[in-house]
Amino acid sequence: MIIGLTGENCAGKGTVAEHLKKKSFYYLSLSDILREELAKEGKEITRESLIAKGNELREKFDAGVLAEKTVRKLDKSRNYVIDSIRNPAEVEELKKLPGFTLWYVKASAETRFERMAQRDREGDPKTFEAFKEIEEAEKSSDPKRQQLQKTIEMADHVVENEYDFQLLFDHVNKLLCELSSTCRVPRPSWDEYFMSIAKQVAARSNCMKRKVAALIVKDKRIISTGYNGTPRGCVNCDEGGCPRCNNFASGGEKLDECLCAHGEENAIVQAAYHGISVKDGTMYCTFSPCLYCTRMIINAGLVEVVYNENYPVSENSASLFKQAGVKLRQFKVDK
């Protein structure tokens, strides 16, 4: 779940954010991007300098630049509250994220001025008339500048913060309960889950030519993994351990000279090394198995092979799998 906050100055966005942080939401602010830029330039961080820097970045790049930079910081495994959203293009960028909703934290101008007076910060307006003048001055029809009113109009929910905090928190808690039944971020299928892990395992390969990996699954549980590379205790391929790979031999040639064990081979051997049965398991491979690994898979008792990409020299493997009754299918994961 990703909750965006917008609203006028002193409406209580920070209070809502603090309440959500207590509920394990991670906090990000679009203004943090501006603070980072100002800090790099050695400039004082004030409300005026933040507004000016935001307008400058929107002019230089595009109106949604602050949201774009913030999105890069997100971890898909976390819930977030994102503060300081002030431009419609920022909302449009954030709405591309699954589970994003925009909340407008609302309070009257009189209430907000009273809160500003209580905090008594240097540079804050001292009269209600000056307060309203500053707010009017910040309104703009230029899409590359702050457009708070248009941003507010895009809000999915309004959170009133006119009275005491308990009423505010009760409203937030009720809204969270309502959203929890609708904000269902799509989960990966089992095929996507296991194939994505296999691709990550391949990153451990030390082969100079091609990084390949396989994992074996039983009852939706990974029981063994393997990636291609030179045998245990030998010099790694990427350290010169395999002359064929380091000489970049043409694909399919001099395979009898390759010292690297294949990912499928290592997954089966690792299971045997640790005394784990792979019988009736499913293998997920980043490439379809070669003929050598096909024979090993069949004899190990595996019943299904799921592969991501076709291996260049695996023409005979499919017919052998079919003859042995081993199911073979492709499931493509690009990332």
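Glu304 sits in strand 9 (residues 304-309) and Lys327 in strand 10 (residues 327-330), so the pair ties together parts that are 23 residues apart in sequence. Helices (H or I, at least four residues) and strands (E, at least two) are DSSP runs, numbered from the N terminus. Glu304 is buried, at 14% relative accessible area, while Lys327 is partly exposed at 49%. Here buried means under 20% relative accessible area, exposed over 50%, and partly exposed in between (1.4 Å probe, protein chains only).

A word on the model: it is predicted, so local features need pLDDT of at least 70 and side-chain atom pairs count only at pLDDT 80 or more, while totals for chains, interfaces and linings use all residues. Residues are numbered from 1 along each chain as its sequence is written, and side-chain values use heavy atoms, with hydrogens and water left out.

Now look at helix 2 (residues 30-40), where Arg35 and Asp32 are three residues apart, about one helical turn. Their side chains meet in a salt bridge (3.0 Å, N to O). Glu36 has a salt bridge too, with Lys73, again with the closest N and O atoms 3.0 Å apart. That pair links distant parts of the chain, 37 residues apart: Glu36 is in helix 2, and Lys73 is in the loop between helix 4 (65-71) and strand 3 (80-83).

Stepping back, the chain has 14 helices and ten strands, and the salt bridges number 16.

Methods
Salt bridge = Lys/Arg side-chain N within 4 Å of Asp/Glu carboxyl O.
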